[in-house]
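Here is my note on this model, point by point. Please keep the structure open while you read.

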Amino acid sequence: MSDSADLERRYRRLLACYPHAFRHEHEQEILAVLMAGADEGQQRPRLGEAANLIKHALWMRLGLSRGGIMINETTFPISVDRPSRTLMTAFGAGRKAPRVTMSSSTVDVRMGWAFHATIPRESVASARPLNRGELRGPFRISVLRGVNYWPRTALVNGAGTGLVEITLNRSKWVWLGPLRAPMRRLIVSAEDQSGLVAELNPSSQRSPGAGDPSS
Amino acid sequence: MQEATFMILTALAAGGQHGYGIITDVQEISAGRVHLKAGTLYAALERLRADKLIEVDREEIVDSRLRRYYRLTPAGGEVLAAEAARLQANARVAMSRLKPAAGAVT
């Protein structure tokens with residue numbers, strides 16, 4: 001077998017680390033880039049190149065891939081009272097601040113390893129402030145903190161105040177720790193309750209570049 | 001915005017390019033300082049596409065390999081222009097504080 005066929009086979013093996021959908025879409029063009037960058041007679045992937053592919057493949061599988069880009073993003077911290085912060089730190093979910101991050105296309109909600117949801121903005125049907133008294137079922141327990149799940153509803157909070165109810169127009173799969181579950185309604189405790197509601201409501205959305213009549 | 005992202009958008013500002021073209025162009029415009037690896041490039045391209053800052057321009061088959069060309073969207077052009085203006089303003093302040101006398105002359 002020729003050197004380039006060997007190299008290509010090894011690159012393909014590395015690209016198998018990526019999620020299937022990404023591989024289906026990009027494998028051929030990434031392979032073309034890798035082969036174009038290879039030296040004459042090179043048989044094995046360079047260590048740095050291989051490590052870089054594995055790193056990004058894992059990030060993508062874990063839903064952590066942001067490509068290192070922070071463009072047009074607005075972050076709303078999830079409010080966490082002092083006892084909850086201590087508890088979350090003890091469970092290892094407090095290392096990265098719990099937050100709702102909004103880009104022009106997605107709403108990303110994260111509470112450490114315990115909860116992660118990436119929701120397309122067009123899937124958000126409505127958002128409104130919620131009083132604690134409106135909570136039903138097991139969510140009525142006032143001391144509930146952290147990540148709680150009731151069929152198709154997730155309560156992700158670090159405090160009992162500043163709650164925002166986000167309703168989706170259809171169920172989305174979200175991560176509850178290592179488990180995936182369908183979610184139609186999400187309740188989060190926001191430090192800036194009214195700001196988060198205003199940003200989430202579809203009426204406040206505008207397409208990039210809109211609203212500049214000067215051009 | 002990270003430097004790699006800024007460089008990718010800059011590379012696409014002059015017209016559509018395929019993956020390897022972006023890597024070589026970024027290396028050239030950064031005077032060899034930024035060498036993008038394939039994993040980093042495609043993670044960034046995926047994200048930029050999701051944010052609608054770039055889009056697929058066209059696809060070609062060259063030597064039986066797929067080449068997908070990307071180009072800036074109007075929104076991508078605006079984001080790049082805003083970031084370039086921000087960097088320019090920061091650089092101007094830094095230079096004026098480092099050389100107050102020179103800054104006064106201009």
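1. Start with a salt bridge between the chains. Glu25(A) pairs with Arg49(B), and their closest N and O atoms are 3.5 Å apart. The term means a side-chain nitrogen of Lys or Arg within 4 Å of a carboxyl oxygen of Asp or Glu. The rule finds four salt bridges across the interface of chain A and chain B. On the chain A side, the elements that give two or more residues to the side touching chain B are α2 (20-36) and α3 (47-61). The largest share, twelve residues, comes from α2(A).

2. A word on the ground rules. This is a predicted model, in which local features need pLDDT of at least 70 and side-chain atom pairs count only at pLDDT 80 or more, while totals for chains, interfaces and linings use all residues. Residues are numbered from 1 along each chain as its sequence is written, chains are lettered from A and ligands numbered from 1 in the order in which they are written, and side-chain values use heavy atoms, with hydrogens and water left out.

3. Now the whole interface. The size of an interface is often given as the accessible area lost when the parts come together. Chain A and chain B bury about 2600 Å² between them, and 56% of it is on carbon and sulfur atoms. That area is found with a 1.4 Å probe and summed over both parts. The contact (heavy atoms within 4.5 Å) takes 36 residues from chain A and 27 residues from chain B.

4. Next, the fold of chain A. Its secondary structure comes to five helices and nine strands. These are DSSP runs, with helices (H or I) of at least four residues and strands (E) of at least two, numbered from the N terminus. Of its 215 residues, 45% count as buried, where buried means under 20% relative accessible area with a 1.4 Å probe, protein chains only.

5. One residue shows this burial. Met88(A) sits in helix α4 (residues 82-90) of chain A. Is Met88(A) buried or exposed? Met88(A) is buried, because its relative accessible area is 9%. Met88(A) and Gly112(A) lie 24 residues apart in sequence and 8.8 Å apart in space, C-alpha to C-alpha.

6. Last, look at chain B. Strands β2 (residues 54-62) and β3 (residues 65-72) run antiparallel, joined by eight bridges. Two strands pair if DSSP finds at least two bridges between them. Arg58(B) has Tyr69(B) in β3(B) as its bridge partner. β2(B) and β3(B) form a hairpin with two residues between them. In the turn, Asp63(B) has a positive phi of about 50°.

Key. Buried < 20%, exposed > 50% of the residue type's maximum accessible area, 1.4 Å probe, protein only. Buried area = accessible area lost by both parts, 1.4 Å probe.
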